[in-house]
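I opened this model to look up a few things and keep notes on them. The entries follow in the order I made them.

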Amino acid sequence: KEYNDVSEIVLLNHGIEDRHLLEQKLLKIYQDYENARNNYDKNALKKICTEKQYNETISNIDIYKEVNQRKYNIINEIIDVKIVDVSDSLISTTITLLIKVSMNSYIEDSIGKVVRGKKNRKIIKKQRLKFVKKLTKNTIVTNRKCDSCGAPIKENDLECSYCGLST
């Protein structure tokens with residue numbers, strides 16, 4: 001399925017003013033996740049995963065441990081990134097990101113011998129990732145919109161933070 005980037009006005013309506021900065025932050029979380037998974041760092045995983053994702057990741061790690069193996073996904077390059085959906089609920093904002101990444105993906109046994117994949121072979125992987133941010137009082141965007149540009153206006157704002165129009 002082909003996905004299109006979410007438009008700037010849709011991002012503004014969800015309180016997102018800088019697409020590039022958001023993409024970089026989300027990619028950093030993804031890279032931190034892969035690094036923590038590669039290193040079996042449960043504390044780091046717990047900080048960046050939902051409980052469900054954490055449990056699935058630990059379960060997968062444990063399956064490989066049972067057979068004295070270890071799976072690696074080493075990121076070489078982020079080729080493409082698109083924010084393809086943003087949705088709000090009463091308690092969170094969910095951002096769906098589509099990424100295309102070059103990586104080395106392989107499995108080693110307990111003595112470091114590659115048993116699946118190849119250490120030096122780069123593969124291209126497309127992934128659809130969902131990031132969930134719980135809303136706090138400071139991040140909740142009201143239904144008020146700027147009359148000039150349509151950007152969301154937060155509860156106590158006296159002017160539009162995007163175009164400067166007095167509210």
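How far apart are the mean positions of the positive and negative charges of the protein? I found them 7 Å apart, with 30 positive and 23 negative charges in the protein. For this count Lys and Arg are positive and Asp and Glu negative, while His and the chain ends are not counted. Each charge is placed at NZ of Lys, CZ of Arg, CG of Asp or CD of Glu.

**Entry: ground rules**

I note that this is a predicted model, in which local features need pLDDT of at least 70 and side-chain atom pairs count only at pLDDT 80 or more, while totals for chains, interfaces and linings use all residues. Residues are numbered from 1 along each chain as its sequence is written, and side-chain values use heavy atoms, with hydrogens and water left out.

**Entry: overall layout**

I listed four helices and three strands. The order from the N terminus is α-α-α-α-β-β-β. Helices here are DSSP runs of H or I with at least four residues, strands are runs of E with at least two, and both are numbered from the N terminus.

I then looked up the dimensions. Along the principal axes, the C-alpha atoms fill a box of roughly 65 × 30 × 25 Å. The radius of gyration is 20 Å, whereas a compact globule of 167 residues would have one near 15 Å. That radius is taken over C-alpha atoms, and the globule rule is 2.2 Å times the number of residues to the power 0.38.

The protein exposes about 11,100 Å², of which carbon and sulfur atoms supply 47%. The areas come from the Shrake-Rupley method with a 1.4 Å probe, and for residues only the protein chains shown count as cover. I found 32% of the 167 residues buried. Buried means under 20% relative accessible area, exposed means over 50%, and partly exposed lies in between (1.4 Å probe, protein chains only).

Among contacts between residues at least 6 apart in sequence, 54% join residues at least 24 apart. A contact means heavy atoms within 4.5 Å.

**Entry: helix 2**

Helix 2 covers residues 19-38, which is 20 residues. From its first C-alpha to its last it reaches 28 Å, close to the 28 Å expected at 1.5 Å a residue. The expected span is 1.5 Å times one less than the number of residues.

I checked which residues of helix 2 are buried, and they include Leu22, Leu26, Leu27, Tyr30 and Ala36. The list also holds charged side chains, among them Arg19, Glu34 and Arg37. The cover over the buried residues of helix 2 includes helix 1 (8-13), helix 3 (42-48) and helix 4 (51-66). Strand 1 (69-88), strand 2 (92-109) and strand 3 (114-134) also contribute to that cover.

Why does Glu23 count as buried? Glu23 has 8% relative accessibility, so it falls under the cut-off. Glu23 lies in helix 2 and touches Val81 and Ile83, leaving aside residues up to four places away in sequence. From Glu23 to Val10 I read 15 Å between C-alpha atoms, at 13 residues apart in sequence.

Tyr33 is also in helix 2. Tyr33 counts as buried because its relative accessibility is 16%. With the sequence neighbours up to four places away left out, Tyr33 touches Leu45, Ile48, Cys49, Gln53 and Thr57. Leu45 is 12 residues from Tyr33 along the chain, and their C-alpha atoms are separated by 6.3 Å.

**Entry: two strand residues**

Tyr72 sits in strand 1 and is buried because its relative accessibility is 15%. Beyond four places in sequence, Tyr72 touches Arg37, Asn38, Asn104, Ser105, Tyr106 and Glu108. I also read the C-alpha distance from Tyr72 to Asp157: 47 Å, for residues 85 apart in sequence.

Is Lys118 buried or exposed? Lys118, in strand 3, is exposed because its relative accessible area is 53%. Lys118 touches Asn104, Ser105 and Tyr106, again not counting residues up to four places away in sequence. Lys118 and Leu97 are 21 residues apart along the chain, with 27 Å between their C-alpha atoms.

**Entry: backbone check**

Tyr40, in the loop between helix 2 and helix 3, has phi near 55°. Asn68, in the loop between helix 4 and strand 1, has a positive phi of about 55° and is not a glycine. Most residues other than glycine have a negative phi.
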